[in-house]
Amino acid sequence: MRRPGYRQPLKQQLGGVKAMFIRLSIAVIVLVICMFMLMTAMSSSYSSTSSAEQINTEALWGTAASDGWRPSSTPRSDWPPPPSESNGYLRVRCNGGLNQQRSAICNAVLAARIMNATLVLPELDANSFWHDDSGFQGIYDVEHFIKTLKYDVKIVESIPEIRKNGKVKKIKAKQIRPPRDAPISWYTTEALKAMKEHGAIYLTPFSHRLAEEIDYPEYQRLRCRVNYHALQFKPHIVELSTSIVDKLRSQGHFMTIHLRFEMDMLAFAGCFDIFSPEEQKILKKYRQENFAEKRLVYDERRAIGKCPLTPEEVGLILRAMGFDNSTRIYLAAGDLFGGERFMKLFRSMFPRLENHSTVDTTGELGKNTMGLLGSAVDYMVCLLSDIFMPTYDGPSNFANNLLGHRLYYRFRTTIRPDRKALAPIFINREKGQTAGFEEAVRRAMLKTNFGGPHKRVSPESFYTNSWPECFCKKSAVNPADKCPSDDVLATLNSQLENEGITDFESSGSNLTSAVDE
């Protein structure tokens, strides 16, 4: 006889199993849904990241976003004209290459303003770099230079002779070697004292002889007026440069690259190991003769981005960014060290290469490729190009000045590779780790500035980035950033007339071009 209640516990057990199965099924379904949603989110995130890591090369052919800023080096506060009587004459000898000399000229004008001195047309050193005796008059438009700066300093082409006791005498300038990066106080004390005593001083050498960072915006704006308005190349240089640019642009956009893979820069950087033993001897000898002794280890220098990019590395960066082999490139460079073997891979990636010799139909540059003329033409072509890319902007005056000029010239696009960020990526590639190489390059490049306004951070030079001192906004929150009034020229001209200075023709357009639309 069956015991009562025998079947009931079994039903309960079956019911419990069924309930457990249902709960488990629901849990599995929820888990699948969650996993699907997670995978969708990850896919979306990856897609977003991949999209964000693409560089719009078409946009780079235009100018960088200005955020409402525009170039302006016109005075914004009281800026009296130079007094009718100065404290004496200032002579300077600008040493180095064309662009080092250019910075020195800007400093010379500012030094003359600080001391209330009459500036003698700066001398360009003919021996230390180019072995070119063209001088200031052979490269720059002297008349334009003097007229443009008439509101700032008095300028003469030479120290005039004086008549004393019925005799004509020459003023002999006291020669002084100024300290490197001298503060304003040195000019208002020691230099000024010598000038008043002797009537004229001769500062030589004059490269990096005035501090760059000066806490007075009007002085910095004067530097910009000199650099970007007064220093205009002679008409035949401008015409030659313009003809080259027109020829390049006749086939569409073009990019300029300052390929600083030359003996002096490689020796300076201490980057020898990629060269043959014979080439290394040449580099080391050049370094011993021209630079201070210093222990340099190639692997260490390379790892922290202290070596100039090789032509191949430049090509790989451009290709990773999305530029293809139809890109037209103008190379601004001297003789590349190591010759064609370093250019071969770059040329295979970007065959449409030009330089000033291949596009100069006049033949004028062929006679002066290593002189000031060749450097001036390269400078102008790089300034006017759609994109400019320096490959080594450390101590390179050419690249640094162009970066600053293009920023002032309506934020023209620049590609500035971060060598320190790129170094480990290239080193890993050389070790065979090629997966994700181009993505890594793009990530590094997306963190750089493509030519828009940005804060100047040491060691960036004022000549590389004159923002915000030499820029303004029509509608600015900060009064110091507001563009000057439209009647600024009338005010400056009135001040000149009150000083009795009327020996200048009107050159208002030179100054107002800094704040035009």
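Author: Start with Gly270. Gly270 is buried, at 2% relative accessible area. Buried means under 20% relative accessible area, exposed means over 50%, and partly exposed lies in between, with a 1.4 Å probe and protein chains only.

A word on the source. The model is predicted, so local features need pLDDT of at least 70 and side-chain atom pairs count only at pLDDT 80 or more, while totals for chains, interfaces and linings use all residues. Residues are numbered from 1 along each chain as its sequence is written, and side-chain values use heavy atoms, with hydrogens and water left out.

Back to the loop. Gly270 sits between helix 9 (263-269) and helix 10 (277-290). Helices here are DSSP runs of H or I with at least four residues, strands are runs of E with at least two, and both are numbered from the N terminus. Setting aside neighbours within four places in sequence, Gly270 contacts Leu296 and Tyr298. Contact means heavy atoms within 4.5 Å. Lys306 lies 36 residues from Gly270 along the chain, and their C-alpha atoms are 8.7 Å apart.

Next comes a covalent link. Cys271 is joined to Cys307 by a disulfide, S to S 2.0 Å. A disulfide is a pair of cysteine sulfur atoms within 2.5 Å. Cys271 is in the loop between helix 9 and helix 10, and Cys307 is in the loop between helix 11 and helix 12, so the bond ties together parts 36 residues apart in sequence. The torsion about this S-S bond is about -100 degrees, so the link is left-handed. Cys271 is buried at 3% relative accessibility. Cys307 is buried too, at 9%.

Helix 11 and helix 12 have a link of their own. Arg302 and Glu313 form a salt bridge, 2.8 Å from N to O. Arg302 belongs to helix 11 (residues 298-303) and Glu313 to helix 12 (residues 311-321), eleven residues away, and the pair connects distant parts of the chain. A salt bridge is a side-chain nitrogen of Lys or Arg within 4 Å of a carboxyl oxygen of Asp or Glu. Side chains of opposite charge can pair when their charged atoms come close. Both partners are covered: Arg302 is buried at 11%, and Glu313 is buried at 7%.

Glu143 pairs with Lys147, with the closest N and O atoms 2.9 Å apart. Both are in helix 5 (residues 142-148), four residues apart, about one turn. Glu439 pairs with Arg442 at 4.0 Å. These two are three residues apart in helix 18 (residues 437-446), about one helical turn. Glu439 is partly exposed, at 33%, whereas Arg442 is buried, at 9%. Salt bridges with shared partners also join Glu213, Arg456 and Glu469 into one network. The whole structure has 21 salt bridges.

Now the other disulfides. The count comes to three. Cys224 and Cys470 bond with their sulfur atoms 2.1 Å apart. That link is right-handed, with 95 degrees about the S-S bond. Cys224 is in helix 7 (residues 217-230) and Cys470 in the loop between helix 18 and strand 15 (471-472), so parts 246 residues apart in sequence are tied together. Cys472 bonds to Cys483, S to S 2.0 Å. Its torsion is about 85 degrees, so this disulfide is right-handed. Counting bonded cysteines along the chain, the pattern is 1-4, 2-3, 5-6. Cys94 has its closest cysteine sulfur in Cys106, 9.5 Å away, too far for a bond.

Then the nonpolar packing. The largest nonpolar core has 71 residues, of which Leu90, Phe145 and Tyr187 touch the most other members. Helix 3 gives this core its largest share, eleven residues. A separate core of 33 residues includes Leu259, Val314, Leu316 and Leu318. A nonpolar core is a set of buried Ala, Val, Leu, Ile, Met, Phe, Trp, Tyr and Cys residues joined through side-chain atoms within 4.5 Å.

The protein has 20 helices and 15 strands. Buried residues make up 50% of its 517 residues.
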